[in-house]
Amino acid sequence: MDRLAFEHHLTSAQGRGHVPDEAVTATSGGAACCDEISLSVSVNEERVTDAGFAASGCGAVQAAGSAAVTLVRGSGVLAAARLGPREIAAELGGLSLAKQHAAELAADALARALGAAVARRTRLPAGPDRTLV
């Protein structure tokens, strides 16, 4: 685990409290641990133009929100759709098994927000090798 990467996202969180214009927001969490994260994404054609998050709970969920925003901002919609807990945890320098749930919550909220944003705003060309779920 890279403590510096984790600390950076915890103390200098990217997108904390930011809701982009015309964003779609999705929330994940609220289970037994009471961690909850909301991710907001704004898309334009084939790109994620901006992102932000709000989170409550442990420090890992705060850091995971920042990591998700860092990874998704400016990326292509399809690249953003491929982001999951593994990539979010890697951006944080790794997570212990006890804190892996934070990356899972962030990835779930990101997938939900991105799916809704794409359905509302994006027109991707059809293709036999393209599936966005």
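**Contacts, core and exposure**

User: Leaving aside neighbours within four places in sequence, which residues is Ile 37 in contact with?
Analyst: This is a predicted model, in which local features need pLDDT of at least 70 and side-chain atom pairs count only at pLDDT 80 or more, while totals for chains, interfaces and linings use all residues. Residues are numbered from 1 along each chain as its sequence is written, and side-chain values use heavy atoms, with hydrogens and water left out. Contact means heavy atoms within 4.5 Å. With neighbours within four places set aside, the partners of Ile 37 are Ala 26, Thr 27, Ser 28, Phe 53, Ala 54, Ala 55, Val 61, Gly 65, Leu 105, Ala 106 and Ala 109.

User: Does Ile 37 count as buried or exposed?
Analyst: Ile 37 lies in strand 2; helices (H or I, at least four residues) and strands (E, at least two) are DSSP runs numbered from the N terminus. Relative accessible area under 20% is buried, over 50% exposed and in between partly exposed (1.4 Å probe, protein chains only). The value for Ile 37 is 0%, so the residue counts as buried.

User: Which residues have the most contacts inside the largest nonpolar core?
Analyst: A nonpolar core is a set of buried Ala, Val, Leu, Ile, Met, Phe, Trp, Tyr and Cys residues joined through side-chain atoms within 4.5 Å. The largest one has 38 residues, and those with the most contacts inside it are Ile 37, Leu 39 and Ile 88.

User: What is the C-alpha to C-alpha distance in space for Leu 110 and Leu 83?
Analyst: Leu 110 is found in helix 5 and is buried at a relative accessible area of 1%. Beyond four places in sequence, Leu 110 touches Leu 39, Val 41, Val 72, Ala 80 and Leu 83. Leu 39 in turn touches residues that include Val 24, Phe 53, Val 69 and Leu 110. Leu 110 and Leu 83 are 27 residues apart in sequence, and their C-alpha to C-alpha distance is 8.5 Å.

User: Why do helix 1 and helix 2 count as roughly perpendicular?
Analyst: Axes are lines fitted to C-alpha atoms, for helices over the stretch in contact, and angles run from 0 to 180 degrees between N-to-C directions. Angles under 35 degrees count as roughly parallel, over 145 as roughly antiparallel, 65 to 115 as roughly perpendicular and the rest as oblique. Helix 1 (residues 3-11) and helix 2 (residues 59-72) pack with axes 8 Å apart, at an angle of about 90°. The two helices are therefore roughly perpendicular.

User: How do the residues of the contact of helix 1 with helix 2 divide into nonpolar, polar and charged?
Analyst: Phe 6, His 9 and Leu 10 of helix 1 meet Gly 59, Ala 60, Gln 62, Ala 63, Ser 66, Ala 67 and Thr 70 of helix 2. Ala, Val, Leu, Ile, Met, Phe, Trp, Tyr, Cys and Pro count as nonpolar, Asp, Glu, Lys and Arg as charged, and the others, Gly among them, as polar. The division is 5 nonpolar, 5 polar and no charged.

User: How many disulfides does the count come to?
Analyst: Cys 34 is exposed at 55% relative accessibility, Cys 58 is buried at 17%, and Cys 33 is partly exposed at 44%. A disulfide is a pair of cysteine sulfur atoms within 2.5 Å. By this rule the count is 0.

User: What value is phi of Glu 22 near?
Analyst: Glu 22 sits in the loop between helix 1 and strand 1 and is exposed at 51% relative accessibility. Its phi is positive in a residue other than glycine, near 55°.
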